[in-house]
Amino acid sequence: MGFRTALSKGLLNMSEVKQELKAQVELFRELTGHLPPHMDGHQHVHVLPEVRHVFAEVLEEYGIKYTRVPIEPGLHNCDWIPPSLMDFYLGVEEDSFNTVDVFTKHGIRWPDIYIGLSTMGKNMSVSNIWSAIDAAIVEFMSKAPAHLTPQSGTVTIELMVHPGYPSVPPVGGCGEGPDDFSQSWERLHELQTLIKPELQSHYKTRNIQLCSFKDL
């Protein structure tokens, strides 16, 4: 979170941010032998003012086609999200709206629908995932061209998840070591929810195909 504070104080040099982004792409290619088909920022920092521009330039330069735009339908109606966290989410949403034109200009794409802020951690359940998907599809179709229906076209959805196991210090976390979320039971809760048979069968019933960004 210190990244946002540094940015707001004018302490970040965008040429250094760009250099770091390129270094991470190059390291990914060195380790895997190929470029990532998708790239975004931890805690959604890639949609922040100034950062969004150099981020988009790097993706276009490398030909990385997909990113994340975290605008979640129905987020404002999620009364189970604590106010402090909701303030952060709404800030991310505002930054995302202001990023759409930048990403579009650079030829970067993202799924039709994004879900995850309302269903992460302890809030994840099979019913919550389905409620979020249903509500998002209804909203998307209400704004989609008349010729597009769930039967006639493919709607892409990104479900942001954090499955894993609670980390034990000093291992885990991102950058500076373990944080509250990396050490919590919520990571395992997400994993256990996502592999439940009823969730998998529901995907099949609804004709939802799980895929990665490289499949799009």
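Predicted model: local features only at pLDDT ≥ 70, side-chain atom pairs only at ≥ 80, totals over all residues.
On the α2 side, the contact is made by Met14, Val17, Lys18, Leu21, Lys22, Val25, Glu26 and Arg29; α3 brings in Val51, Val54, Phe55, Glu57, Val58, Glu61 and Tyr62. Sorted by class, that contact of α2 with α3 comes to nine nonpolar and six charged residues, with no polar ones.

Phe55 turns up again among the aromatics. The count of aromatic pairs is five, and one of them joins Phe55 to Phe103 in a tilted arrangement, with 5.8 Å from centre to centre and 45 degrees between the planes. This pair ties together distant parts of the chain, since Phe55 sits in α3 and Phe103 in helix α5 (residues 100-105), 48 residues apart. Both Phe55 and Phe103 are buried, and together with Trp110 they make up one aromatic cluster.

Most residues other than glycine have a negative phi, and most peptide bonds are trans. The loop between α2 and α3 holds His44, whose phi is positive at about 65 degrees even though it is not a glycine. Glu50 lies in the loop between α2 and α3 too, and its phi is also positive, near 70 degrees. As for accessibility, His44 counts as buried because its relative value is 6%, whereas Glu50, at 43%, counts as partly exposed. Elsewhere, a cis peptide bond links Pro169 and Pro170, with omega at about 5 degrees; Pro170 belongs to the loop between β2 (157-159) and α7 (186-194).

Back in helix α6, the residue to look at is Val126. Its relative accessibility is 17%, so Val126 counts as buried. Leaving aside residues up to four places away in sequence, Val126 touches Thr193, Lys196, Glu198 and Leu199. From Val126 to Asp112 the separation is 14 residues in sequence and 21 Å in space, taken C-alpha to C-alpha.

Key
Residues numbered from 1 in each chain as written. Heavy atoms only, no water. Phe/Tyr/Trp six-rings, centres within 6.5 Å; stacked < 30°, edge-to-face > 60°. Helix = DSSP H or I, 4+ residues; strand = E, 2+ residues; numbered from the N terminus. Buried < 20%, exposed > 50% of the residue type's maximum accessible area, 1.4 Å probe, protein only. Contact = heavy atoms within 4.5 Å. Nonpolar A, V, L, I, M, F, W, Y, C, P; charged D, E, K, R; others polar.
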